[in-house]
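Look through the sequence and the structure below before reading on.

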Amino acid sequence: MTAVESRPAGGGTAHAVQAVGEPSEVSASPGDRPFGARVKGFVALTKPRVIELLLMTTVPVMFLAAQGVPDLWLVLATCIGGYLSAGGAAAFNMYLDRDIDALMDRTSQRPLVTGMVSPRECLVFATALAVGSTAWFWYFVNPLSAALSLGALLFYVVVYTMILKRRTTQNIVWGGIAGCMPVFIGWSAVTNSFSWAAVILFLVIFFWTPPHYWPLSMKVKEDYERVGVPMLPAVAGNKVVARQIVAYSWVMVGVSLLLQPLGYTGWLYTAVALLCGAFWLKEAHGLQARAKAGITGAKLKEMRLFHWSITYVSLLFVAVAVDPFLR
């Protein structure tokens with residue numbers, strides 16, 4: 001739930017004249033809300049591009065837990081439940097953040113800001129997804145996965161969005177815990193239990209989240225400054241942010257290599273983790289070097305690490321899924 005869309009800044013904020021803290025109540029007239037656009041608006045509330053990454057960590061873990069091909073109906077049921085749950089969390093997030101979304105270029109075209117979906121409709125939709133996803137997991141997967149899914153949703157909505165996001169520079173660090181939960185959900189869906197393998201992969205995502213998100217935040221830090229959200233790049237210099245990125249990157253790569261010595265994976269996963277981790281560290285240190293040199297603007301190339309971070313986690317978890325077949 002912490003992976004983000006890399007939609008470029010733009011869209012303007014001319015329509016957003018309310019002060020931060022006041023909800024955006026922009027509403028379109030019925031004639032301006034055709035059915036097809038409304039459907040797209042509700043889909044957009046679920047942040048489908050973010051959910052792609054969440055499912056990318058869920059399904060491979062199910063293959064690792066099964067040490068082969070898991071029950072395909074169980075995989076489908078887990079993916080459906082995961083989409084509904086993460087979508088509900090995203091919709092709650094848009095409802096709660098509609099005031100600042102209206103003032104940020106990156107989020108200025110979200111459905112609540114444009115009026116394609118009203119705040120009340122969004123709240124009802126989010127609640128329905130939250131209740132529906134929990135019931136789905138309970139009846140079609142297992143109660144443990146249902147509890148984990150609900151816990152992730154509540155953590156993202158209450159702890160991250162309502163408490164941490166607007167109060168601390170560590171918001172994305174601890175708020176990222178919600179985005180780690182699909183690992184536990186995927187493992188528990190197959191085994192109805194936990195394991196150290198799931199804990200290790202949970203920690204990989206935990207330490208991946210800040211160096212994944214902070215480069216994007218560096219790119220759009222003016223948005224966060226405008227609305228008073230203390231995302232680290234908005235309140236600290238590039239040197240400080242880059243140093244933090246490097247520190248988290250080294251821990252992430254180190255944790256990712258623990259699966260093999262503990263006997264959960266073989267040579268393929270280890271090779272992918274080493275190669276992808278080495279390239280990640282090269283990019284992270286490159287960003288730090290440019291920040292230390294005082295380079296700003298396009299030449300800082302912070303988005304290179306952001307885009308690589310998505311490739312990294314995709315390749316790593318593909319290796320998680322394939323590795324059991326080569327042991």
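Where is the place of N192? N192 sits in the loop between α9 and α10 (196–219). This is a predicted model, in which local features need pLDDT of at least 70 and side-chain atom pairs count only at pLDDT 80 or more, while totals for chains, interfaces and linings use all residues. Residues are numbered from 1 along each chain as its sequence is written, and side-chain values use heavy atoms, with hydrogens and water left out.

The backbone of N192 has a phi near 55 degrees, a positive value in a residue other than glycine. Most residues other than glycine have a negative phi. K301 also has a positive phi, of about 55 degrees, and is not a glycine. K301 lies in the loop between α14 and α15 (302–322). N192 is partly exposed, with a relative accessible area of 46%, and K301 is partly exposed at 41%. Buried means under 20% relative accessible area, exposed means over 50%, and partly exposed is in between (1.4 Å probe, protein chains only).

Two other residues count as buried. D97 is found in the loop between α3 and α4 and has 1% relative accessibility. Leaving aside neighbours within four places in sequence, D97 is in contact (heavy atoms within 4.5 Å) with T161, K165 and R166. A284 lies in helix α14 (residues 267–292) and is buried at 1% relative accessibility. With neighbours within four places in sequence again left out, A284 is in contact with I245, V246, S249 and L305. A284 and Q244 are 40 residues apart in sequence and 9.9 Å apart in space, C-alpha to C-alpha.

Helix α6 (residues 119–140) has 22 residues, and its first and last C-alpha are 31 Å apart, close to the 32 Å expected. The expected span is 1.5 Å times one less than the number of residues. Which residues of α6 are buried? They are P119, C122, A126, L129, A130, S133, T134 and F137. These residues cover an arc of only 120 degrees around the axis, which puts them on the same side of α6; the arc is that of the directions from the helix axis to the C-beta atoms. An α-helix has 3.6 residues a turn, so residues three or four places apart point the same way. On the other side of α6, R120, V124, V131 and Y139 are exposed. The buried residues of α6 pack against several helices, including α1 (35–45), α3 (72–96) and α7 (143–164).

How many disulfides does the structure hold? The count is 0, where a disulfide is a pair of cysteine sulfur atoms within 2.5 Å. For C79, the nearest cysteine sulfur is that of C180, 18 Å away, and this is too far for a bond. C79 is buried at 18% relative accessible area, and C180 is buried at 0%.

Last come the empty spaces. Rolling a probe the size of a water molecule over the atoms shows where empty space is left. On a 1 Å grid over the protein atoms alone, a cavity is a set of points where a 1.4 Å probe fits but cannot get out; lining residues have an atom within 4 Å of a point. Grid points are joined across faces, edges and corners, and a volume is the space filled by probe spheres set on the points. By this rule there are 3 cavities of 30 Å³ or more. The second largest cavity has a volume of about 140 Å³. Its lining has 15 residues, of which T58, G82, A86, P182 and I185 lie nearest its centre. The elements that give two or more residues to this lining are α2 (48–66), α3, α7 and α9.

Definitions and conventions
Helix = DSSP H or I, 4+ residues; strand = E, 2+ residues; numbered from the N terminus. 1 Å grid on protein atoms, 1.4 Å probe; cavity = no way out; pocket = protein on both sides within 12 Å on 5 of 7 lines; lining within 4 Å.
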